[in-house]
Amino acid sequence: MIEINGTRLWKSLMEMAEIGATDKGGSRRLALTDLDRQGRDLFQSWCKEIGCSVSIDEMGNIFARREGRNPNLPPVQAGSHLDTQPTGGKFDGVYGVLGALEVLRTLHDHNYSTESPLEAICWTNEEGARFSPAMIGSGVWAGIFDLEFGHTRADPEGMTIREELERIGYLGARPCRQTDVKAYYEIHIEQGPVLEAESKTVGIVTGGQGCNWYHLRLHGMASHAGTTPMAYRRDALHGAARIVSELREEVLQQENALVTVGTLNLQHDSINTIPGEVFFTIDMRHPVPAVLSGLDQNLRNLVEKVCREEKLEPEINLIWEAPTVTFDQECVGNVRDAAKSLGYSCQEIVSGAGHDACQMSHVVPTGMIFIPCKDGVSHNEIESAEPEHITSGANVLLHAMLKSAN
Ligand SMILES: [Zn+2]
């Protein structure tokens with residue numbers, strides 16, 4: 001079986017990581033900065049070296065194309081992003097872009113021609129660290145956001161995506177909208193601990209979990225800590241504490257469910273005043289839509305019960321909902337077949353994070369491949385992956401793409 005050149009892929013990852021290298025061994029390449037431009041330029045030059053044609057769309061997404069025997073067929077694509085978190089690692093996103101490039105390089109080495117054209121893609125502003133929301137380049141392409149929305153997103157200094165695309169020379173002419181695509185694949189580090197803990201080389205990603213964000217506010221009564229007997233209190237913090245802990249117990253009963261209370265604010269915030277009002281947030285996730293809506297109902301019932309018992313008035317707002325993502329059966333099958341025929345240990349896994357592949361999956365048959373990362377750490381300068389796993393994941397990508405392209 002034809003295999004990718006792992007040494008070359010690793011060397012390219014390390015070379016890309018030098019652009020915006022940080023003291024602690026990571027990278028800082030925020031979207032559409034001068035450093036991002038340098039990373040994009042390097043990627044483009046590598047693509048052109050192997051004879052790919054490169055086009056840039058109105059959102060600055062880069063498409064490097066290796067022609068197929070039948071140029072009229074829709075392309076098989078693979079990609080990810082080169083932008084990083086402010087203190088990001090060397091692999092998040094970059095691996096997916098340079099892995100796709102390595103597939104094209106390998107086919108070039110072997111003079112191998114595919115029936116369908118192949119494309120390696122770098123999507124703009126996946127991280128959402130400089131411009132919110134995340135995954136915006138792939139999101140506009142997939143029709144989840146319109147172009148005007150994409151162009152007018154601004155960073156904290158007020159610079160818009162369109163202005164910054166123009167400034168760094170990446171405002172392309174190619175329309176940023178969905179075209180006919182045979183299949184889209186993305187390789188990525190897992191960004192979680194599962195594959196490493198299970199000693200697996202490859203994760204066959206079946207989809208992404210759904211996520212609900214809530215704002216909760218409990219209204220009680222602020223009163224004197226010394227003069228209000230316990231039975232007379234309407235303590236909003238006590239209500240919130242019960243919800244936080246009872247919700248956790250409930251979620252623990254449900255396999256694969258996740259709940260996080262990441263924010264909690266007291267309105268009065270005083271050592272000798274009973275908290276009269278508390279605000280907190282809930283992030284709740286599950287890969288199965290029906291289970292997630294069951295958890296939503298349980299949360300609402302719990303809040304109502306606790307507030308009745310504690311004599312509080314609740315306000316609960318679902319402020320954001322990300323739907324669950326199910327990847328294409330055939331693409332998932334191609335990833336599984338590739339991993340098995342290459343002899344890699346593998347298991348099915350659901351993505352905990354959002355990826356460009358999640359946006360693509362709404363309009364294009366999509367599959368994803370994970371590899372382990374050290375201690376499951378990501379969005380951190382110490383993010384690390386084994387060269388052996390980097391090679392394995394790219395080999396799976398190669399063979400999944402070939403399956404779709406021939
Ligand atoms: Zn990423």
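Q: Before anything else, what does "buried" mean here?
A: Buried means under 20% relative accessible area. The term is applied here to a predicted model.

Q: OK, and which histidines are buried by that rule?
A: H81 is buried, and H188 is buried as well. Both are donors to the zinc ion.

Q: What are the protein donors of the zinc ion, then?
A: They are H81 through NE2, D92 through OD and H188 through NE2. Their distances from the zinc ion run from 2.0 to 2.3 Å.

Q: How are the donor residues spaced in sequence?
A: The pattern is H-x10-D-x95-H. H81 sits in strand β3, residues 76–81, and H188 sits in strand β5, residues 183–189, so this pair ties together parts that are 107 residues apart in sequence.

Q: What else is in contact with H188?
A: H355 is one of its contacts. Leaving out neighbours within four places in sequence, H355 also contacts E126, M135, E186, Q191, M368 and F370.

Q: Where is H355 found?
A: H355 is in the loop between β15 (346–351) and α11 (356–360).

Q: Buried or exposed?
A: H355 is buried, because its relative accessible area is 1% and the cut-off for buried is under 20%.

Q: And Y95, where does that lie?
A: Y95 lies in helix α3, which covers residues 94–109. At 0% relative accessibility, Y95 counts as buried.

Q: What is Y95 in contact with?
A: H188 again, among others. Setting aside neighbours within four places in sequence, the contacts of Y95 also include L9, L13, I187, I189 and I371. H389, I390, G393 and A394 are on the list too.

Q: How far apart are Y95 and C211?
A: In sequence they are 116 residues apart, and in space they are 25 Å apart, C-alpha to C-alpha.

Q: Let's zoom out. How many helices and strands are there?
A: The protein chain has 12 helices and 16 strands.

Q: What radius of gyration does the chain have, and what would a compact globule have?
A: A compact globule of 406 residues would be near 22 Å, and the protein chain has 24 Å, which agrees. Along the principal axes, the C-alpha atoms fill a box of roughly 85 × 45 × 40 Å.

Q: What share of the residues is buried?
A: Buried residues are 53% of the 406 in the protein chain. The accessible surface is about 17,400 Å², and carbon and sulfur atoms hold 49% of that.

Q: What about contacts between residues 24 or more positions apart?
A: They make up 79% of the contacts in the protein chain that have a separation of 6 or more.

Q: And the charges, how many are there?
A: There are 35 positive and 56 negative charges, and their mean positions are 1 Å apart.

Q: Back to single residues. Where is H399?
A: H399 is in helix α12, residues 387–405. H399 is buried, with a relative accessible area of 13%.

Q: What does H399 touch?
A: Not counting residues up to four places away in sequence, H399 touches M1, I2, A338 and L342. H399 and A338 are 61 residues apart along the chain, while their C-alpha atoms are separated by 5.5 Å.

Q: Where is I19, and what is it in contact with?
A: I19 is in the loop between α1 (6–17) and α2 (34–49). Beyond its neighbours within four places, I19 contacts S27, R29, L35, Q38, G39 and L42. I19 and G39 are 20 residues apart in sequence and 6.5 Å apart in space, C-alpha to C-alpha. I19 counts as buried, at 12% relative accessibility.

Q: Which residues here have a positive phi without being glycine?
A: S199 is one, with phi near 50°. D269 is another, at about 55°.

Q: Where are S199 and D269?
A: S199 is in the loop between α7 (194–197) and β6 (202–208). D269 is in the loop between β10 (264–266) and β11 (273–274).

Q: Are those two buried or exposed?
A: S199 counts as exposed at 59% relative accessibility. D269 is exposed too, with a relative accessible area of 62%.

Q: Last one: where is there a cis peptide bond?
A: A cis bond joins S132 and P133, with omega about 5°. P133 is in the loop between β4 (118–123) and α4 (136–141).

Key. Residues numbered from 1 in each chain as written. Predicted model: local features only at pLDDT ≥ 70, side-chain atom pairs only at ≥ 80, totals over all residues. Heavy atoms only, no water. Helix = DSSP H or I, 4+ residues; strand = E, 2+ residues; numbered from the N terminus. Rg over C-alpha atoms; globule rule 2.2 N^0.38 Å. Buried < 20%, exposed > 50% of the residue type's maximum accessible area, 1.4 Å probe, protein only. Contact = heavy atoms within 4.5 Å. Areas by Shrake-Rupley, 256 points an atom, 1.4 Å probe, with all protein chains shown as cover. Lys, Arg positive; Asp, Glu negative; His and termini not counted. Charge placed at Lys NZ, Arg CZ, Asp CG, Glu CD. Donors = N, O, S within 2.8 Å, 3.2 Å for Na, K, Ca; no water.
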